[in-house]
Amino acid sequence: MSELDHPHPHMHHPMHKVEGPAGDGAHGHEHDHEHGKSKDYAEANKEHFNKTASHSVNELWVELARRTAIAILDRYPFDENSTTLMDFACNIGEYSSHSSLLSRELAAHTKLLVGVDISEKAVDIFNEHVYNQGIPREEMRAVCADLKGEEGELDGLKFDVITCAASYHHFEDINKITKTLTFFLKPGGTLLVVDVTPKTHSHADGSSSSSAPQGDSTLFPEQYHHVVAHKHGISPEAIKAAFDGAGLCCYTFEPIDTFKVLGNEGTLFVAKGKKPLH
């Protein structure tokens, strides 16, 4: 295990010292019992990533994105001539963060890639990169949207695959967001979520379980709690319940790496589900 250096708060994958949260575009509200007020994670994330989106290159996240892309490519038979992909909470689509790099890594394996993010600045930078590389909008583009899962959104597009990397821990209501993403899948389409869960422990009987949060211990630093709804990461039970609640079938949950977030050990996972044909 190594330690993630996480200078940009967007965590699309593996292990070194993480100094910020990952992902983007949280939805919904959470009641802040300490301060007696409601938190709007969606607005907080939008404001945060509009401020932090940049063109800067982080080679660590380049490597992490490659690892994540490999994990995703191993779990879906992409076809560059036919596969349509939505990369949800895509951020800038380039070098500054792990999650944002995923679009760049997967684009060559798709016919169409549409990034979706609630940060206007991130989407503008994403599309600028695409334009500068001479890639037609018909093949790759980003859209600024807070999706609701309603007819007419994204011009009625439905996708073979939807990816969401290192962003679920930002979403206050992962059940709602999973249902929304499922709406945009074609029948038989696949949802792939990559995120972090507490470190798993092996038992003598061969089974494994995630370590429960201890006291006030969290995976993510306190300075990012205003944009991270799931401060301990996403539990295997929570992600399975979200997939089941969205009606997805053929569910799998696979740990793919371990890492430390400021000394707190976590496990990176890939959760996969399919939308039934009928």
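Predicted model: local features only at pLDDT ≥ 70, side-chain atom pairs only at ≥ 80, totals over all residues.

**Exercise 1.** Classify the ring pair Phe183 and Phe184: stacked, tilted or edge-to-face?

*Solution.* Start with the distance: the ring centres are 5.0 Å apart, and rings pair if their centres lie within 6.5 Å. Next, check the angle: the planes sit at 85 degrees, and over 60 counts as edge-to-face. So this pair is edge-to-face. By this rule, the count comes to six aromatic pairs. While you're looking at Phe183, spot Lys158, which lies over the face of that ring at 4.4 Å from its centre.

**Exercise 2.** Work out how Phe253 and Phe269 are arranged, then decide whether each one is buried or partly exposed.

*Solution.* The centres are 4.7 Å apart with 25 degrees between the planes, and that makes a stacked pair. Now find the two residues in the chain: Phe253 belongs to strand S11 (residues 249-261) and Phe269 to strand S12 (residues 264-274), 16 residues apart. For burial, the cut-off is under 20% relative accessible area. Phe253 has 22%, so Phe253 counts as partly exposed. Phe269 has 0%, so Phe269 is buried.

**Exercise 3.** Which residues touch the most other members of the largest nonpolar core?

*Solution.* This core has 29 residues, and the ones to pick are Met86, Phe88, Ile162, Tyr168 and Leu191. Then look at the elements that give two or more residues to this core: among them are strand S4 (84-88), helix H5 (174-183) and S12. A second, separate core has 22 residues, including Ala69 and Leu102. Finally, go back to Phe88 and Tyr168: ring pairs link them with Phe171 into a cluster.

Terms used
Residues numbered from 1 in each chain as written. Heavy atoms only, no water. Phe/Tyr/Trp six-rings, centres within 6.5 Å; stacked < 30°, edge-to-face > 60°. Helix = DSSP H or I, 4+ residues; strand = E, 2+ residues; numbered from the N terminus. Buried < 20%, exposed > 50% of the residue type's maximum accessible area, 1.4 Å probe, protein only. Lys NZ or Arg CZ within 6 Å of the ring centre and 35° of its normal. Core = buried A, V, L, I, M, F, W, Y, C linked by side-chain atoms within 4.5 Å.
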